[in-house]
Amino acid sequence: MAKKNPKSLNKKEENLAPHTEDGADQFLTTNQGLRINDNQNSLKAGERGPSLLEDFILREKITHFDHERIPERIVHARGSAAHGYFQVYKSMAKFTKAGFLTDPARQTPVFVRFSTVAGSRGSTDLARDARGFAVKFYTDEGNYDLVGNNMPVFFIQDAVKFPDFVHAVKPEPDNEMPQAASAHDTFWDFISLMPESMHMIMWVMSDRAIPRSYRMMEGFGIHTFRFINEAGKGCFVKFHWKPLLGVHAVAWDEAQAISGKDPDFHRRDLWNAIENGDYPEYELGVQIVPEADEHKFPFDLLDPTKIIPEEVVPVQRIGKMVLNRNPDNFFAETEQVAFHPGHLVPGIDFSNDPLLQGRLFSYTDTQLSRLGSPNFHEIPINRAVSPVHNNQRDAHMRQTINRGNTAYEPNTIGGGCPFQAKIADGGFSSYEERVDGHKVRARSRSFFDHFSQATLFYESQSEAEKTHLVNALRFELGKVTVTDIRIRMLGLLSQVDKSLAARVAEGLGLKVPAKPEQPINHSIPADGDPAKFQPKVVPQQVKTSPALSMANTVKDTVKSRMIAFLVADGVSFDDVNDMKSALLKAGAQVQLIAPRLGAIKTSGKALEADERLPATSSVLFDAVYIPKGAGSAATLKASPEAIHFINEAYKHCKAIAADGEGAEVLKASYVPVDDKDPAVIINGKPAAFIKAVAQHRYWEREAKGGVPA
Ligand code: HDE
């Protein structure tokens with residue numbers, strides 16, 4: 001592993017300083033500070049006698065150990081995080097008074113946690129799932145949390161359905177299977193009765209649900225929020241994160257293999273990138289909608305199952321976030337961080353999105369159960385960098401030692417302190433919105449278009465992406481054991497796109513029902529009139545949105561991509577060296593994979609292998625290179641592992657290059673060497689290979705038929 005990156009001292013770290021400890025050059029002590037003389041033996045009545053209850057050192061240590069686990073997050077249990085900073089490019093004061101968005105000179109510390117949703121803490125990173133993308137900004141005006149996902153919509157429209165949704169996707173309650181997977185009966189049973197989920201289903205069945213890296217996925221605030229400027233004027237805003245490396249995915253077959261070969265694939269990738277100085281970077285984007293335009297869209301801005309297409313309201317990139325420091329301690333930081341969409345700063349406010357409104361209750365409640373005390377804000381990772389003064393007192397694990405005898409307001413004894421802040425002094429005041437309505441349990445009819453944007457998403461995909469989506473649905477519904485559920489799903493899919501439904505049906509050996517059941521009937525109130533709950537279809541402003549296709553993403557960089565060089569004794573030193581230096585110069589990472597570890601004899605200096613072929617896999621790499629060298633090529637040709645490695649890389653549409661005798665190894669594999677495959681480069685220049693790697697994947701290759709790998 002490369003050098004540990006120099007720790008950046010930022011405000012946050014200064015704040016944490018008194019709480020960090022690394023034990024270096026220190027005596028071992030109890031939690032009371034008593035130096036321990038023997039950490040190898042418990043106190044006994046005689047060397048062979050019973051242990052004594054008196055052994056307070058043993059009891060303290062074991063008691064602490066017994067309580068080491070805290071409840072994992074109910075959703076988003078599996079996560080990885082990093083520190084960094086955010087800086088706005090130019091003042092957004094026209095729209096918001098939030099200090100971190102108006103002062104281009106200010107670097108605001110951030111802590112970002114990425115996660116999967118469904119799996120437990122120990123589950124695989126490569127599950128087909130939405131990813132959490134939660135950002136805590138430690139601003140001078142208080143903590144602001146943008147708790148988003150890597151998909152811009154959600155499964156449900158109202159918070160009251162969230163426990164149902166989560167229960168349906170989690171492992172089934174009788175046998176706790178399957179782990180971190182939606183491919184089972186209860187999930188699809190629920191979805192088949194929940195037409196409002198169809199847009200999100202398109203996203204989770206697309207390759208967005210199996211990202212190549214946390215560094216290569218977008219983030220979205222999902223809900224419509226509000227900006228408020230100094231003059232008190234409001235506008236609507238949708239938040240986006242745009243990764244500078246582009247948005248890239250792996251293949252589903254690959255994702256399943258990675259889950260076995262390296263379930264920590266995303267966690268490791270994030271950690272290593274930061275250690276190597278390849279700091280993940282994302283631009284913050286905003287779509288701004290003036291209040292006057294609230295009702296000018298063919299959907300409701302408050303409906304979290306809808307996007308505003310970027311072609312209708314462009315995403316303005318207003319600042320950049322850089323993640324440049326790994327946490328020191330997973331538990332203290334990544335596990336104990338507590339996000340909450342209700343952690344706001346002046347200049348940002350909520351909309352009435354009923355999903356968001358429910359979240360505003362849920363997150364504090366969750367932290368109380370997970371972290372066990374209303375003092376969770378005192379845990380170092382959750383502390384605001386701005387001063388905290390209030391009259392809240394006591395409770396479990398209170399750390400602050402409040403001085404003085406007043407814990408109420410108003411008071412005179414304490415000089416009236418702490419006192420309320422005027423708006424001009426940064427006091428938060430909620431946006432004054434006129435609300436006038438009947439108290440009802442209801443959903444607005446403006447939320448009833450469940451299919452148009454699902455269609456928009458599907459229509460915006462490339463052919464390869466459409467095929468992946470069809471295959472994902474075939475895979476998932478193929479795992480469903482109740483035929484009626486599959487048929488109901490086909491009925492819903494046919495309302496998204498007829499050809500999509502037909503293709504999925506073919507894979508399932510079923511027919512698309514001529515008249516889809518109207519499942520909306522299942523999701524209406526007991527006394528609801530079904531006629532009043534029929535979905536409606538509203539024409540959208542655009543037929544396709546290129547921004548929705550990953551085919552149109554950034555494809556001009558190989559920065560931080562992992563390239564496997566297959567080598568054995570006899571490999572050409574110069575060839576390895578030339579290709580390696582070109583790739584490193586372009587920012588990629590190279591590993592030499594050989595049949596065994598140790599020194600590899602070459603035409604020049606010996607080289608050290610990084611990994612053994614049998615211990616690694618092509619799925620952990622972005623591309624493969626087979627250098628010149630007769631001896632090396634002969635060994636690799638005869639190695640089933642090397643041939644499998646190449647076949648699999650080819651199957652997953654990766655760039656492959658070979659030079660000289662290296663091409664002989666390709667001939668022994670499934671890779672068609674004389675084919676016009678733009679991502680198979682034989683005796684080409686390093687630049688040609690680099691260009692092919694930058695394309696990420698040549699998905700069109702899949703259309704040529706399968707590869708037995
Ligand atoms: Fe969450 N969500 N959520 N959620 N959510 C949690 O809070 C909840 C929703 C999201 O890395 C929990 O601290 C409800 C949408 C992220 O720590 C919990 C509803 C979006 C994370 C909770 C939603 C999210 C959470 C569990 C429907 C995308 C992980 C642990 C009304 C915009 C944050 C915790 C981290 C975590 C509730 C819907 C994103 C149970 C009730 C929509 C990224 O409180």
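**Largest cavity**

I started with the lining of the largest cavity, where strand 7 (residues 234-243) gives the most, with 3 residues. This is a predicted model, where local features need pLDDT of at least 70, side-chain atom pairs count only at pLDDT 80 or more, and totals for chains, interfaces and linings use all residues. Residues are numbered from 1 along each chain as its sequence is written, and side-chain values use heavy atoms, with hydrogens and water left out.

I checked what "strand" means here: strands (E, at least two residues) and helices (H or I, at least four) are DSSP runs, numbered from the N terminus. A cavity is a set of points, on a 1 Å grid over the protein atoms alone, where a 1.4 Å probe fits but cannot get out; lining residues have an atom within 4 Å of a point.

How much space lies in the largest cavity? I found about 160 Å³, the volume being the space filled by probe spheres set on the points, with grid points joined across faces, edges and corners. Of its 19 lining residues, Pro152, Phe220, His240, Ile307 and Ile308 are the closest to the centre. I sorted that lining by class and got 10 nonpolar, 4 polar and 5 charged. For the classes, Ala, Val, Leu, Ile, Met, Phe, Trp, Tyr, Cys and Pro count as nonpolar, Asp, Glu, Lys and Arg as charged, and the others, Gly among them, as polar.

**Second largest cavity**

Next I looked up the second largest cavity, at about 130 Å³. It has 15 lining residues, and Asp129, Ala130, Phe155, Val169 and Ser182 sit closest to its centre. Helix 3 (162-169) and helix 5 (198-205) are the elements that give two or more residues to this lining. The classes here come to 12 nonpolar, 1 polar and 2 charged. In total I noted 6 cavities of 30 Å³ or more in the structure.

**Around the ligand**

Then I moved to the ligand. Which of the 22 residues around it come nearest? I wrote down Arg73, Arg113, Tyr363, Thr366 and Gln367; a residue is near if one of its heavy atoms lies within 4 Å.

For polar contacts (pairs of N or O atoms within 3.5 Å), I noted these:

- A side-chain N or O atom of Arg73 is 2.7 Å from a ligand oxygen.
- A side-chain N or O atom of Thr366 is 2.8 Å from a ligand oxygen.
- A polar side-chain atom of Arg359 lies 3.5 Å from a ligand nitrogen.

Strand 3 (131-139), strand 4 (142-149) and helix 9 (354-371) each give two or more residues to the shell. Helix 9 gives the most, with 6 residues.

Notes:
Polar contact = N/O pair within 3.5 Å; in protein donor to acceptor, adjacent residues only side chain to side chain. 1 Å grid on protein atoms, 1.4 Å probe; cavity = no way out; pocket = protein on both sides within 12 Å on 5 of 7 lines; lining within 4 Å.
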